[in-house]
Amino acid sequence: MEFNDWAILEKRVIGWIRKAADHLRASLSNPLEISEKSAHNDLVTNMDRSIEQFLVGKIRDTYPEHKIISEEGYGDGSSDTNGILWLLDPIDGTLNFVMQKRFFAISIGVYENGRGRAAFIYDVMGDEFFHCLSGQGAYQNDIKLSPLTEIKIEDALIDMSTTWLKPNRRIDQDIMTEIVRKSSGTRAYGAASLELAYVAAGLLDAYFTMRLSPWDYGAGLILLNEVGGLYSRADGEQINILSRTSILAARPGLHEYMIQHIKEQVAEGKFLTEPQ
Ligand code: IPD
Ligand code: CA
Ligand code: CA
Ligand code: CA
């Protein structure tokens, strides 16, 4: 049966996220329990867990037939995109949350049979809510976002982690050098959902990263789609929303330019490897 209560879902989710955010803000004066996951800079806190438990609980109670993929393991996981699938990151930018107590977000993307339907990205400390229902326009708080226009590389502000300019196993350190040199400037904020939302809002012209998980980008891609932003893997291939992937998101024109550049670099023998 087709789901058709998107407007009600939107209202509910915005309420849940605001409540979770109140809880997060209030927690900032309490000591955090921090543990390392895969590396010393891959952290999880008691707050990542408790916010995820809260949101998963709300989704399950309200929509028991929906599936949830979430970072800290309270969701169900899923090997297909059939039905309604929620991609949920309770705190995107945990390192910022721990170290800076700012620039972190709650991110939720809702897909129906693989098609993006609703997106919610809330900058908890900046009190900025990016959201959309597909086909009905994207919003930054109450302001409707304009469709993205083209831009030249020389005028572009590009978000990319400079990690990729150092030796690593995913991307030849020289592939992006010319792009960085030609661009107007680079930024790296450390919260993928907000970085994608900034591209959608025209505050950044491109965002490039070699490894994100579905909960990091699920909402951001829906928002981008709504304003005519383009996105793909770094090699130009389509993104599979169930997988870890590289992502290049940009304004139209700039996206083609950057993909063309990457392809030429690969043709010249530079390496580019998708995450497993
Ligand atoms: C991380 C952030 C970061 C990105 C990492 C993500 P987390 O998410 O979005 O900007 O570079 O790849 O894992 O772990 O803070 O939710
Ligand atoms: Ca994490
Ligand atoms: Ca994340
Ligand atoms: Ca997270």
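In this predicted model, strands β12 and β14 (residues 245–250) run antiparallel and are joined by 5 bridges. Within this pair, phenylalanine 208 has leucine 248 of β14 standing opposite. The pair belongs to an open sheet of 5 strands, whose order is β11-β10-β12-β14-β13 and whose pairing is mixed. At the edges stand β11 (185–187) and β13 (230–232); each has a single partner strand, so one side of each is left without a neighbour in the sheet. On average, and with direction ignored, neighbouring strands here are turned by 15° against each other. As background, strands of a sheet pair through backbone hydrogen bonds, either parallel or antiparallel.

Helix α5 (residues 192–200) packs on this sheet, where β10 (157–160), β12 and β14 are touched by the helix. The direction of α5 makes about 150° with that of β12. Helix α5 also meets helix α6 (residues 214–226): their axes come within 8 Å and cross at roughly 5°. With angles under 35 degrees counting as roughly parallel, α5 and α6 are therefore roughly parallel to each other. On the α5 side, the contact is made by Ala192, Ser193, Leu196, Ala197, Val199 and Ala200. On the α6 side, the residues are Asp216, Tyr217, Ala219, Gly220, Leu221, Leu223 and Leu224. Sorted by class, this helix contact has 10 nonpolar, 2 polar and 1 charged residues.

Strand β9 runs antiparallel to β8, and 2 bridges join them; tyrosine 139 has lysine 144 in β9 as its bridge partner.

At the level of the whole chain, the division is into domain 1 (6–144) and domain 2 (153–267). The C-alpha centres of these two domains lie 22 Å apart. Their contact involves 32 residues from domain 1 and 24 residues from domain 2. On the side of domain 1 that touches domain 2, the elements giving two or more residues are β3 (67–70), β4, α3, β5 (105–112), β6 (115–123), β7 (128–133) and β8 (138–140). Strand β6 gives the most to this side, with 6 residues. By class, this side of domain 1 divides into 16 nonpolar, 12 polar and 4 charged residues.

Finally, there is the ligand. Ligand 1 is surrounded by 14 residues, and the closest are Asp92, Gly93, Thr94, Gly190 and Ala192. Two or more residues of this shell come from each of β4 (84–92), α3 (94–99) and β12 (206–212). Both domains take part, since the shell draws at least three residues from each of domain 1 and domain 2. The shell residues divide into 5 nonpolar, 4 polar and 5 charged.

Definitions and conventions:
Residues are numbered from 1 along each chain as its sequence is written. Chains are lettered from A and ligands numbered from 1 in the order in which they are written. This is a predicted model: local features need pLDDT of at least 70, side-chain atom pairs count only at pLDDT 80 or more; totals for chains, interfaces and linings use all residues. A residue is near a molecule or strand if its C-beta atom, placed from the backbone, lies within 6 Å of it. Helices (H or I, at least four residues) and strands (E, at least two) are DSSP runs, numbered from the N terminus. Ala, Val, Leu, Ile, Met, Phe, Trp, Tyr, Cys and Pro count as nonpolar, Asp, Glu, Lys and Arg as charged, and the others, Gly among them, as polar. Domain bounds come from an automatic or database domain assignment. Two residues are in contact if their C-beta atoms, placed from the backbone, lie within 7 Å. Two strands pair if DSSP finds at least two bridges between them. Axes are lines fitted to C-alpha atoms, for helices over the stretch in contact, and angles run from 0 to 180 degrees between N-to-C directions. Angles under 35 degrees count as roughly parallel, over 145 as roughly antiparallel, 65 to 115 as roughly perpendicular and the rest as oblique.
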